[in-house]
Amino acid sequence: MLSYILRRIVSTLPVMAIVALFVFSLLYIAPGDPAVVIAGDQASPEDVERIRQSLGLDRPFLIQFGGWVWRILHGDLGTSIFTNLPVSTMIGQRLGPTLSLMTVTLLLTIVVAVPLGVVAAWKAGSLIDRVIMGFAVFGFSLPVFVVGYMLAYVFALELEWLPVQGYTPLAQGFWPWLENLILPAVALGCVYIALIARITRATMLEVLQQDYIRTARAKGLGQGGILFVHALKNAAVPIVTVIGIGIALLIGGAVVTESVFAIPGLGRLTIDAILRRDYPVIQGIVLLFSFVYVLVNLMIDVIYTLVDPRIRY
């Protein structure tokens, strides 16, 4: 098992190297001279040259890349051009709201989607199944920002049940923290609830046709025990895989959701950095998101191996 994990870790190193190269190349992929963009239209040639030197743009590409990777390995993500704060400090200040949003969204998704998929498989072909699958199609069809604006209008502006925007740290109380995350979590979770519910239904339908399920029914085992103990346990592998992929995909959805609900997380920081062309901040956030994505996929591989005995190490 340990050798398998080590092989998987080693296999992620080339991926991270390619990601690092792409992230660093953002300075060169972006249109125009980054130094001119940062300096502004009224800057003198001397100001532009000074910025180029401060960013290291006057050095060869490979030397710049090597120095940047060396600093990354030592925990230095650079310094923001506009705030003059370390990028790691800015990310740390915004990490809490994003982690809170993703945690609540993930818990909501699992609690809602898995039972919906199980019930849909149990009642396959019935009105309940069609209603649940209709909701799944509806959830796939609507973009996150549309769902977010609809929820904010109904539950925040019209009914005034929940706040329309903002974020309260958990240290100031559980309910103030949670009520600011309910609408964003529902908006962000709709598409993932639909996805996991469909995968759960499809997997459960296959498992429910197995001989051991018919044997359990013949022995008089209750429907709840058959569905949630025997069938769901054996259908867990693809469900866990999709949930893991959903964690990685939540990162992209958080950017839009935080903008809609004015949550001061990494998504908002990303948008602000892009609008101001704060390249060190953009590079740091993209690198962090990429690392999380690779790490989550590595964890999925390890979990998959643990729960599926058919896989050889």
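Before the details, the ground rules. This is a predicted model, in which local features need pLDDT of at least 70 and side-chain atom pairs count only at pLDDT 80 or more, while totals for chains, interfaces and linings use all residues. Residues are numbered from 1 along each chain as its sequence is written, and side-chain values use heavy atoms, with hydrogens and water left out.

The unreviewed UniProt entry annotates "transmembrane region" at residues 12-30, 99-122, 134-157, 177-197, 235-261 and 281-307. Such annotations may be inferred rather than shown by experiment. For residues 177-197, the end C-alpha atoms lie 27 Å apart, and the span is 90% helix and 0% strand. For residues 235-261, the ends are 36 Å apart, with 93% helix and 0% strand. Helices here are DSSP runs (H or I, at least four residues), strands likewise (E, at least two), numbered from the N terminus.

Back to the opening pair. Helix α6 (residues 87-122) packs on helix α7 (residues 127-141) at about 140°, with the axes 8 Å apart. Axes are lines fitted to C-alpha atoms, for helices over the stretch in contact, and angles run from 0 to 180 degrees between N-to-C directions. The crossing is left-handed, meaning that the near helix is turned anticlockwise from the far one by less than a right angle; clockwise would be right-handed. L116, V119 and A120 of α6 contact (heavy atoms within 4.5 Å) I128, D129, I132, M133 and F135 of α7. That contact has seven nonpolar residues, no polar and one charged. Ala, Val, Leu, Ile, Met, Phe, Trp, Tyr, Cys and Pro count as nonpolar, Asp, Glu, Lys and Arg as charged, and the others, Gly among them, as polar.

Next, α11 (residues 211-218) and α12 (residues 223-234). Their angle is about 160° and their axes are 11 Å apart, so the two are roughly antiparallel. This crossing is right-handed. From α11, Y212, I213, A216 and R217 meet Q223, I226, H230, A231 and N234 of α12. The count is five nonpolar, three polar and one charged.

Last, α13 (residues 236-260) and α14 (residues 266-276). The axes come within 7 Å and cross at roughly 85°, which makes the helices roughly perpendicular. A254, V255, E258 and S259 in α13 meet L266, G267, R268 and I271 in α14. Here there are four nonpolar, two polar and two charged residues.

Conventions. Parallel < 35°, antiparallel > 145°, perpendicular 65-115°, else oblique.
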